[in-house]
Amino acid sequence: MRKPFAQLSIGNYQLSINFRFFAQMIHATNIHKFYDQLEVLKGVDLHIEKGEIVSIVGASGAGKTTLLQILGTLDKPKTENGTKLVVNGQDILSMNDKLLSKFRNENLGFIFQFHQLLPEFTALENICIPAYIGGRSPSETQTEAKRLLEYLGLSHRTSHKPGELSGGEQQRVAVARALINKPAVIFADEPSGNLDTHSAENLHKLFFKLRDEFGQTFVIVTHNEELAEMADRKLTMVDGLIAK
Ligand SMILES: Nc1ncnc2c1ncn2[C@@H]1O[C@H](COP(=O)(O)OP(=O)(O)OP(=O)(O)O)[C@@H](O)[C@H]1O
Ligand SMILES: [Mg+2]
């Protein structure tokens, strides 16, 4: 149970003020998703607090990526009775596409197994793009991007294009790109799938460091048992639902 944020004493009365509600980062209720006749998500309920690191595991085809895409506002659920999705205090299902894009840019970061870097841009440029979209100044952005590249051990690859980088290096560039706007929530789908053991461990440590330093929230889909166990909470998806 989370400790009360503040306690007030008035005479003999003591009032505990619990900011649990405000600390909630993701509030998803009755999330359904169909692909044609196939029901892939069958009414998922999921609540994640600010600063939590949650891992999601489960068999191939259980619906993990589909759920992550919906929580990350990249896909829409089928709206049924009581379907609700609130992320960082915003009612996602009532937003139009333009508002959603802005919300994503300002609040969310994504790390996928297939990193989708833009091939014609350098590592540094790829990392900076989300910040430029958000209207941040180039000099401040580039300083921050170089700091991230250094942190991820890639200072010597700043001006290389994705085609000139190894798979693991590309993955780390994608991680830096996901972090450049200091998102409140980072969604990761098999983030260490392409990495050797050492790089994977470094990446996992980075997630925890960021959470401790900046209070960022992580939702990580993974088949990596070690990473799944490191999380504050490990959820298992079975056939379109989170197993109790
Ligand atoms: N665009 C799509 N069209 C039709 N069916 C889809 C689509 N995307 C996913 N599916 C189906 O939905 C189900 C859940 O897919 P999802 O990608 O969420 O699984 P997953 O748990 O992430 O699996 P994995 O561990 O293999 O990545 C699967 O049966 C899949 O074939
Ligand atoms: Mg998947």
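1. Glycine 215 comes directly after helix α6 in this predicted model. The phi angle of glycine 215 is positive, near 70°.

2. Helix α6 itself covers residues 197-214, a run of 18 residues. From the first C-alpha to the last, α6 reaches 26 Å, which is close to the 26 Å expected at 1.5 Å a residue.

3. Which residues of α6 are buried? They are Ala200, Leu203, His204 and Phe207. These residues lie on the same side of α6 because they cover an arc of only 95° around the axis. The exposed residues His198, Lys205, Lys209, Asp212 and Glu213 are found on the other side of α6.

4. The buried residues of α6 have several packing partners. Two of these are helices, α5 (167-179) and α7 (225-230); the strands β5 (53-58) and β10 (217-221) are also among the partners.

5. In soluble globular proteins, nonpolar side chains tend to be buried together.

6. What is phenylalanine 187 in contact with, leaving aside its neighbours within four places in sequence? Its contacts are Leu68, Leu71, Gly72, Leu108, Phe110 and Val219.

7. Around ligand 1 stand Tyr35, Val40, Gly58, Ser60, Gly61, Ala62, Gly63, Lys64, Thr65 and Thr66. By class, this shell has 3 nonpolar, 6 polar and 1 charged residues. Helix α1 (residues 64-71) supplies the largest share of the shell, 3 residues.

Terms used: Residues numbered from 1 in each chain as written. Chains lettered and ligands numbered in written order. Predicted model: local features only at pLDDT ≥ 70, side-chain atom pairs only at ≥ 80, totals over all residues. Helix = DSSP H or I, 4+ residues; strand = E, 2+ residues; numbered from the N terminus. Expected span 1.5 Å × (residues − 1). Buried ≥ 20, exposed ≤ 12 C-beta atoms within 10 Å, placed from the backbone. Arc of directions from axis to C-beta. Contact = placed C-beta atoms within 7 Å. Near = placed C-beta within 6 Å. Nonpolar A, V, L, I, M, F, W, Y, C, P; charged D, E, K, R; others polar.
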